Every structure is written in C-alpha cells, then in structure tokens.
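Open the model in your viewer and keep the selection tool at hand. This tour has two stops.

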Amino acid sequence: MRIAVTGSIATDHLMTFPGRFADQLVGDQLHTVSLSFLVDTLNVRRGGVGANICFGMGQLGSAPILVGAAGADFDEYRAWLDRHGVDTASVRISEVLHTARFVCTTDADHNQIGSFYTGAMSEARQIELKAVADRVGGLDLVLIGADDPEAMLRHTEECKTRSIPFAADFSQQIARMTGEDIRTLLDGATYLFSNEYEKGLIESKTGWSDSEILSKVGHRITTLGSRGVRVEQAGQDGIEVGCPEEEAKVDPTGVGDAFRAGFLSGLSWGVSLERAAQIGCMLATLVIETLGTQEYTLRRAHFMERFTKAYGDESATEVQAHLP
C-alpha cells in the first residue's frame, strides 16, 4: 500500500514540571487562571503529528509519504527523515515562515499543557493531493492528521472527490473545530482515530451518538491509554488489544502518533485489524519509554522478543515476516 500522511511538521520544546498541575488549580478561580510553572528540564526535539507518524512507519519499513508544510529551516530535519525511510519529496517549503513549534510541559502525573505555533503549517492548504498521487503512482490511503484546519478540510474534500480512501485523525485540532467541520471530516472515512476523551468530544460537538458515528465510518479506532485500544466496525463485535508491559514511563508525548504508525504499517502489510493494533501498541510502548517522539530505535530482535511476550507466538510469527 502507498500511504500518505498529512499533518504537522514541527519542532517540540518539551519541559518537565516536578509537581502536579492539579495542585495549582483553585476550583472557583478557573475562569481567571494565571500560572507560571518553574520547570526542571528543557529538551528540543523533532516532532509534529505527520512527521512523527511517518518516522514510526519508516522504522517499520513501510515507506510512508509525508505531506505537509515546513520552513526554510527544514533541511536538517528533512535529511533525518529521509535517512529513516520517509519520502519527504511532497513537503512544501515556505519562503517566509518558520517550521511550526510545539511547546509542552508535562507534570509528575504525566498530564500535559501545550501550545502550538502554526508557522509554515498554514501553507499546507496549498498542497494538492493529486500532485502527490501522480508523483508516486497513486495513493491507497491518506491519513488526514492534525494540521492547518483549512488544509484538513481541503484534503478531506479532495479524497472524497477523487475516491481516495482516507483516515480521519483530528487529534490536537479538535479543540478549535466546529461540529460542522468535524462532521465533514469524519463522514465517509475508512478509519476514524481518537483517544477516549476525544471520542466523547467528537460526539458532543457533532451531536451524533456513538452508533451514528460508527455508521458513517468504516472503522473506529479509540486508544485507551494504558488499557490499549479498541477497534470497532458497524455490525461486528469490537476488538480490544492491551499494551505490552512497559520497562519505564519516561514521556507520553508522541505515543498516539506511534500507535498510528504501527497500525498503518500493519494495514500496509495486509495483516488483520487485531494484529495491526498490536503492532501499534508495541511501537507506542517504545515511545513512552523514550524522551522525545523520534528518539527511539527499533531493534528487530528486541521488538520481536517483547511482541512475542505480549501477544504470543502466532502473532509474532505473522509480524516478523514483515519487519525489515
């Protein structure tokens, strides 16, 4: 499968606060919050939803196509992604704006507060998927990840017009989207990704029930944090997959992106939805054990040893045949 991933390309500025955000919040003063957190560490890392997903797919040998916009400062980042198996030829380079920035603080309970500077990402709306498809000989699936909101709408409309299967993945952008936008973005999707909180927000904003949304998409994939993931399809029993045992819990940033990378790689290999979810959960576990969204290394033997322990010999044999 030729899978294109549209989404943000950004630099992450990740900080850690040794206390708990909840201890600093006064219940009857939440309408006038004014807080500053003295953080212990600052790590500057490569990030962005689209780039993170593609990096993970590249690690799994799935040859993803990154579609997004970056600034003139992207050269070093591009070289990094190219070296890790990502096709970056469809990234648009802005002549006037810097690559986007994500600034995030994580507390002792792994809660996060973040801000995102759009920068060059605003030019993603100028990218035509047809040009991408023509360059690579057609597209089998487009994941429409968190990006410039106008770009997300335009890419979705183009997929529908050109009959290209697509996956809807609002992620961080769901907070600023209207119910009408969300209805447009998910209706007709082959896959709908969200976490548990986003699932409730999607239902609240659209006014559609869980069953109504499920009838409008091919598959609904809901990540459940430490409990794993649930995959649902209208008229069929849901599939639930747990997470492998963690060796450490270092930083949750990018865990959802890693799950998507693993799941999409499984789809590209043609394995079952359950197996794809297992691959996603294994890759997500590697990321939570690492500081930074693209700082982990996928060592084949280590990956398979842990995958076998979590999901058994039969699952491992099927997956091992596809790993580079």
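At what angle do helix H10 and helix H11 pack, and how far apart are their axes? This is a predicted model. Select residues 300-311 for H10 and 313-320 for H11. The angle is about 150°, and the axes lie 7 Å apart. Angles over 145 degrees count as roughly antiparallel, so H10 is roughly antiparallel to H11. Look at the handedness too: H10 and H11 cross in a right-handed sense.

Now show the side chains at this contact. On H10, pick Arg300, Phe303, Met304, Phe307, Thr308 and Tyr311. On H11, their partners are Asp313, Ser315, Ala316, Val319 and Gln320. Color the contact of H10 with H11 by class: six residues are nonpolar, three polar and two charged.

Next stop: a pocket. Clear the selection and go to the second largest pocket, with a volume of about 200 Å³. Which residues line the second largest pocket? Select Thr11, Val44, Arg45, Arg46, Asp73, Phe74, Glu76, Tyr77, Thr99, Arg101 and Glu295.

E3 gives the most, with three residues.

Finish by coloring the lining of the second largest pocket by class. Six of its residues are charged, three nonpolar and two polar.

Conventions:
Residues are numbered from 1 along each chain as its sequence is written. This is a predicted model: local features need pLDDT of at least 70, side-chain atom pairs count only at pLDDT 80 or more; totals for chains, interfaces and linings use all residues. Side-chain values use heavy atoms; hydrogens and water are left out. Axes are lines fitted to C-alpha atoms, for helices over the stretch in contact, and angles run from 0 to 180 degrees between N-to-C directions. Helices (H or I, at least four residues) and strands (E, at least two) are DSSP runs, numbered from the N terminus. Angles under 35 degrees count as roughly parallel, over 145 as roughly antiparallel, 65 to 115 as roughly perpendicular and the rest as oblique. A crossing is left-handed if the near helix is turned anticlockwise from the far one by less than a right angle, and right-handed if clockwise. Contact means heavy atoms within 4.5 Å. Ala, Val, Leu, Ile, Met, Phe, Trp, Tyr, Cys and Pro count as nonpolar, Asp, Glu, Lys and Arg as charged, and the others, Gly among them, as polar. On a 1 Å grid over the protein atoms alone, a cavity is a set of points where a 1.4 Å probe fits but cannot get out, and a pocket is an open set with protein on both sides within 12 Å along at least five of seven lines; lining residues have an atom within 4 Å of a point. Grid points are joined across faces, edges and corners, and a volume is the space filled by probe spheres set on the points.
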